[in-house]
Amino acid sequence: MEQIELQLSEFTLRSRSVAVSHVAAGLQRGLELGEPLVVSDTGRGRFFAAVVADVDFELSDTVYRIELGSRLAAEEASDWLAPATAPESDEFTTRQILELLGELNRSRRMMRALSDDVAH
């Protein structure tokens, strides 16, 4: 899972949405639509669960619209960012459930786009 460090304004915290430049954020790879993230608010030292809600391609940059979710404790953010490990039991971890929900959301968006194309 990727972490993006931003200085979030009060407006952004109220609207729960922020545009992020790929270049300005210094990302190592492109983000996918529906991909879960951890956003670190560098100004306040807070962490938020987030998701890539939209991707806009420009000539010299890619801009992502990130929707902020719930606030995370520092320990939770650290757990989310740790490399995934094989489960030690048959029980699902919170991280695994969130990853499955992310996959489901991406599949739902793809199916909606396909049905919209067929309808037109």
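Predicted model: local features only at pLDDT ≥ 70, side-chain atom pairs only at ≥ 80, totals over all residues.
1. Overall count of salt bridges. Side chains of opposite charge can pair when their charged atoms come close. In the present model, the count of such salt bridges comes to 5. Three of these pairs are taken up below.

2. The pair Arg29 and Glu2. A salt bridge joins the side chains of Arg29 and Glu2, with an N to O distance of 3.3 Å. This pair connects distant parts of the chain, the two residues being 27 residues apart. Glu2 belongs to strand E1 (residues 2-6), whereas Arg29 sits in the loop between helix H2 (22-25) and strand E3 (36-41).

3. The pair Arg29 and Glu35. Arg29 also forms a salt bridge with Glu35, here at 2.4 Å from N to O.

4. The network. Which residues are linked in a network of salt bridges? They are Glu2, Arg29 and Glu35. Arg29 takes part in the pair with Glu2 and in the pair with Glu35.

5. The pair Glu67 and Arg65. The side chains of Glu67 and Arg65 meet in a salt bridge of 2.9 Å, N to O. Glu67 is partly exposed, because its relative accessibility is 33%. Arg65 is likewise partly exposed, with a relative accessible area of 33%.

6. Volume and lining of the second largest pocket. Rolling a probe the size of a water molecule over the atoms shows where empty space is left. The second largest pocket holds about 220 Å³ of space. Its lining is made up of 13 residues, and those nearest the centre of the pocket are Gly34, Pro36, Ala50, Val51 and Leu98.

7. Elements around the second largest pocket. Strand E4 (46-57), strand E5 (62-72) and helix H4 (94-119) are the elements that give two or more residues to the lining. Which element gives the most to this lining? Helix H4 does, with 4 residues.

8. For a reader who wishes to check the assignment, Gly34, one of the residues nearest the centre, belongs to the polar class under the rule applied, in which Gly counts as polar.

Definitions and conventions: Residues numbered from 1 in each chain as written. Heavy atoms only, no water. 1 Å grid on protein atoms, 1.4 Å probe; cavity = no way out; pocket = protein on both sides within 12 Å on 5 of 7 lines; lining within 4 Å. Points joined across faces, edges and corners; volume = space filled by probe spheres on them. Salt bridge = Lys/Arg side-chain N within 4 Å of Asp/Glu carboxyl O. Buried < 20%, exposed > 50% of the residue type's maximum accessible area, 1.4 Å probe, protein only.
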